[in-house]
Structures are given as structure tokens and as C-alpha cells.
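Subject: A structure for you to explore

Hi there,

Here is the structure I promised to pass on to you. Have a look at it in your viewer first, and then read my notes below.

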Amino acid sequence: MFTGIVTDMGDLVKVERKGEVKTLTVATDFDAAGIDIGASIAHAGVCLTVTSVTAGGPRATLFTVDAAPETLAITTVAGWNEGRRINLERSLKMGDELGGHMVSGHVDCVAKVVSREDLGTTTRFVFEVPERLARFVAAKGSVALDGTSLTVNEVNGNTFSCLLIPHTLSVTTWGGVKAGDTVNFEADLMARYAARLAEFPRAS
């Protein structure tokens, strides 16, 4: 589990295809001693498992993860190339501060950035998701976009907007996101379960 609070921007330094699997090597400032083989790390909201860790390199730590065919089919990972920056978050530990909302790291789909409007004190992004997922998005509710916990501002059909502050733009990859880009979308877990419960008739 994650919280949607990005703690580092990793650099994708190597990309390899091994059959149907895509192996990514990521450089980060995370302490290598604190990353176990098999650990879960969210990469732009996609939970991937660490397969190797090396201290040193262009930054403090290099680690590798594998992206399976299902991940490549429904997330932006398929289009990632060397040189890309990625929002990273370590998995939640018992007792950690829950600064965002509960995020599973299981991306639902790719959302399209419809527009970006820089307003000075905030930046307004409008996103589009498939209609089947739009019902999980509510004004003042939470969504995870590229691994970042964001509050929904307005909803209009299958589009919705979020306002980002300058700090978020500076410490995540959002500073470089523009209209026409795609980002990983994960619906709020509570909204998902509430919708599922509503499908069943009440017991008499």
C-alpha cells in the first residue's frame, strides 16, 4: 500500500526487453541499505517489485524492476524510455504518516491530460478517463495520478479537474506535464468499494 505522497523522482537509466517483460533500471536517492529484494515501490503510481539493488552509480542507488505484459497493456510504462523521470514512493510501513490517501499501486487505466492552465498560485489540469471509471471520481474526493494523491476539484461527465500547488510541481514530474500527455490513473479504493456495495440489493 502507498499514500500517493511522492518522495523522490527517479531517473530511468536503462530499459531492456526480455521477451514479454520490460526490465527497468532506476537511479534514485533512496538508501540502498533500506531497499530489500522483493520490496514494492510505486513508479508513477505503478507498483513494481525490486529484483536487484546496487549502491553507487549516477545517484546514490540503482535498482531494477520488471514490468509484466498486463502492466504494459494498461499503464504508461510501455512507452517509457531511458532518460525519463519517474515519481517514486516506497511502500507504507505501520506507523507512517498517511499524508495522502490509501493507494494500492494497481493502476486502472491511462488518463488523458485534456488541458493545463497555469494560474500563478496554482495550476489547473483537466483529465479524461473512460466512462466506466468516471463513476469513481467525485468532487472533493481523491484520485491517484502518476502516483500523486490529488483532490478532485470539479467533475463534468468523464472529465475532471485538479489544482496543483507550485510545491507539487517542483518535487514531482508534474512540472513538465502538458496537454495531450497521458498519466496513470487509480480510482479511490473507498469509492470503488462503495460502488460495488451499491450494486447489491439491501437485505429485507
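Two strands count as paired if DSSP finds at least two bridges between them. The strands themselves, like the helices, are DSSP runs numbered from the N terminus: a helix (H or I) has at least four residues and a strand (E) at least two.

Before the findings, a word on the source. This is a predicted model, in which local features need pLDDT of at least 70 and side-chain atom pairs count only at pLDDT 80 or more, while totals for chains, interfaces and linings use all residues. Residues are numbered from 1 along each chain as its sequence is written, and side-chain values use heavy atoms, with hydrogens and water left out.

Let's begin with β11, which covers residues 159–164.

Which strands pair with β11? One is β8 (residues 123–128), which runs antiparallel to β11 and is joined to it by six bridges. In that pairing, Arg-124 has Leu-163 as its bridge partner, and Phe-125 stands opposite Cys-162. Another is β10 (residues 148–156), also antiparallel to β11, with four bridges. There you can find Val-155 opposite Phe-160. β10 and β11 form a hairpin with two residues between the strands, and Gly-157 takes a positive phi near 65° in it.

Strand β8 also pairs with β7, again in the antiparallel sense, through six bridges. Glu-117 of this pairing stands opposite Arg-124 in β8. The hairpin of β7 and β8 has four residues between its strands, and Gly-120 in the turn has a positive phi of about 100°.

As background for reading these strands, side chains in a regular strand alternate between the two faces of the sheet.

**The barrel**

Now turn to the closed barrel. Its six strands run in the order β1-β2-β5-β4-β3-β6, with antiparallel pairing. Neighbouring strands of this sheet are turned by 45° against each other on average, direction ignored (the axes are lines fitted to C-alpha atoms, for helices over the stretch in contact, and angles run from 0 to 180 degrees between N-to-C directions). Asp-11 has Ala-27 in β2 as its bridge partner.

**Salt bridges**

How many salt bridges does a search of the whole structure find? The count is five, where a salt bridge is a side-chain nitrogen of Lys or Arg within 4 Å of a carboxyl oxygen of Asp or Glu.

- Arg-124 and Glu-154 meet through their side chains, at 3.5 Å from N to O. Arg-124 lies in β8 and Glu-154 in β10, so the pair ties together parts that are 30 residues apart in sequence. Arg-124 is partly exposed at 25% relative accessibility, and Glu-154 is partly exposed at 47%.
- Asp-118 and Arg-116 form a salt bridge at 3.1 Å, N to O. Asp-118 counts as exposed at 52%, whereas Arg-116 is partly exposed at 26%.
- Lys-14 pairs with Glu-16, and their closest N and O atoms are 4.0 Å apart. Lys-14 is partly exposed, with a relative accessible area of 40%, and Glu-16 is partly exposed at 29%.

**A buried aspartate**

Where does Asp-188 lie? You will find Asp-188 in the loop between β12 (182–187) and α4 (189–198). Its relative accessible area is 11%, so Asp-188 counts as buried. Leaving aside neighbours within four places in sequence, Asp-188 is in contact (heavy atoms within 4.5 Å) with His-101 and Ser-142.

**One more loop**

Finally, find Leu-98 in the loop between β6 (85–90) and β7 (109–118). Leu-98 is partly exposed, with a relative accessible area of 44%.

Happy exploring, and do write back with your questions!

Best wishes

Notes. Buried means under 20% relative accessible area, exposed over 50%, partly exposed in between (1.4 Å probe, protein chains only).
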